[in-house]
Amino acid sequence: MRYFGHKFYTVVSHILFWILAYVFFIIFFGRANRDYTITIIFATLLFPLSIGITYFINYFLIPRYLFAKKYGKFILFLFYAMVYSVWLELMITLFVFVIISNYEMYKMDPASFDAVLLIVGMYFIIIIATAILLARNSFEIQKKNASLHKIRYKTELKLKEAELKLLKAQIHPHFLFNTLNNIYGLTLEKSDGAPDLVLRFSEILDYILYRCDETKVPLSEEIKNLKNYVEIEKIRYSEKLKLSFLFPEITEGLKIAPLLLLPFVENAFKHGVSNQPENGEVSIDIKLANKTLDFAIANSKPMVKQPVESKGIGLSNVRKRLELLYNDKFNLAIDDKNEIYSVFLTIELED
């Protein structure tokens with residue numbers, strides 16, 4: 001139905017255009033003519049020629065040569081079409097003058113005998129028709145480009161969403177594996193902190209499983225989850241850990257991607273504190289300035305160089321998520337010194 005509706009609209013618009021063109025021919029070639037019967041006959045004979053030349057240029061020359069960037073052939077054939085049309089126009093004038101008006105010049109408008117006015121009269125209509133066609137084609141191209149851009153944008157968005165889901169799916173087992181190892185270590189030591197650790201671990205699981213399905217979560221929830229994780233590590237390392245954790249009490253309703261900061265905290269304990277026989281140090285500082293989050297974390301490193309371990313998926317995962325979610329609205333810097341490993345992250349958050 002839509003196809004036939006479009007066809008009907010096209011046919012009607014063409015008919016209306018040529019009706020107006022026919023009226024123009026009568027007015028243009030009958031301005032100084034006393035006998036409008038001659039003018040109507042002349043316009044009627046000129047009419048099919050104008051239609052033929054117009055459609056030949058618009059639906060053959062332009063698509064086949066101009067749009068195909070064959071400019072030389074387009075100019076050559078356009079020149080031939082103009083010469084041929086002017087010759088036929090002169091033949092029509094001669095026919096009307098000899099056969100219809102019987103050599104009586106006063107019956108015909110002077111414009112009929114002026115080659116320049118004959119060309120202007122007919123090609124004025126052809127130029128208008130061509131301009132309309134080119135404008136319509138330009139509009140259709142812009143419409144198609146906009147549609148293709150929209151489809152491309154939706155496709156890219158779906159790919160990003162799929163990648164984000166995959167990255168978040170990787171985060172969960174990565175975090176769970178580390179935390180279960182912590183619980184296992186405490187149970188082997190028969191530590192009194194094991195029950196509290198399990199309780200906090202259950203809160204973290206609740207956060208991961210039921211509150212992290214959205215692209216963004218409240219910053220307050222993310223900080224609460226970090227606090228639970230830090231408390232788990234405090235229970236695990238007890239006297240071995242020297243910890244500083246500063247965070248804003250009021251988050252002003254800002255939101256952040258879930259589990260974005262946790263991998264940095266995990267790595268600080270896993271690669272810093274756990275490898276040091278004596279006291280390890282971890283410093284976490286979260287600040288808010290308007291909508292900008294400044295996250296800084298540093299951990300001490302063991303004096304004795306440890307065997308190189310697999311970096312896992314933590315930091316590379318976070319970097320990918322930052323690029324996908326925040327594009328150019330974040331800055332991540334890592335400073336790996338001999339004794340201190342530091343991470344500095346700045347993100348522009350949303351309400």
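## Strands S2 and S4

Phe245 stands opposite Ile284 in S4. Strand S4 spans residues 280-289 and runs parallel to S2, to which six bridges join it. Helices (H or I, at least four residues) and strands (E, at least two) are DSSP runs numbered from the N terminus, and two strands pair if DSSP finds at least two bridges between them.

The model is predicted: local features need pLDDT of at least 70 and side-chain atom pairs count only at pLDDT 80 or more, while totals for chains, interfaces and linings use all residues. Residues are numbered from 1 along each chain as its sequence is written, and side-chain values use heavy atoms, with hydrogens and water left out.

## The sheet

The open sheet has five strands in the order S2-S4-S5-S7-S6, with mixed pairing. Its edge strands, S2 (241-246) and S6 (330-336), each pair on one side only. Neighbouring strands are turned by 5° against each other on average, direction ignored. Axes are lines fitted to C-alpha atoms, for helices over the stretch in contact, and angles run from 0 to 180 degrees between N-to-C directions.

## Helices across the sheet

Helix H6 (residues 219-237) lies across S2, S4 and S5 (292-300), at about 170° to S2. Helix H7 (residues 262-271) lies across S2, S4, S5, S6 and S7 (340-348), at about 10° to S5. Contact means heavy atoms within 4.5 Å.

## Glu221

Glu221 lies in helix H6. Its relative accessible area is 24%, so Glu221 is partly exposed (buried is under 20%, exposed over 50%, partly exposed in between; 1.4 Å probe, protein chains only).

Leaving aside neighbours within four places in sequence, Glu221 is in contact with Tyr207 and Arg211. Tyr207 is 14 residues from Glu221 along the chain, and their C-alpha atoms are separated by 8.2 Å.
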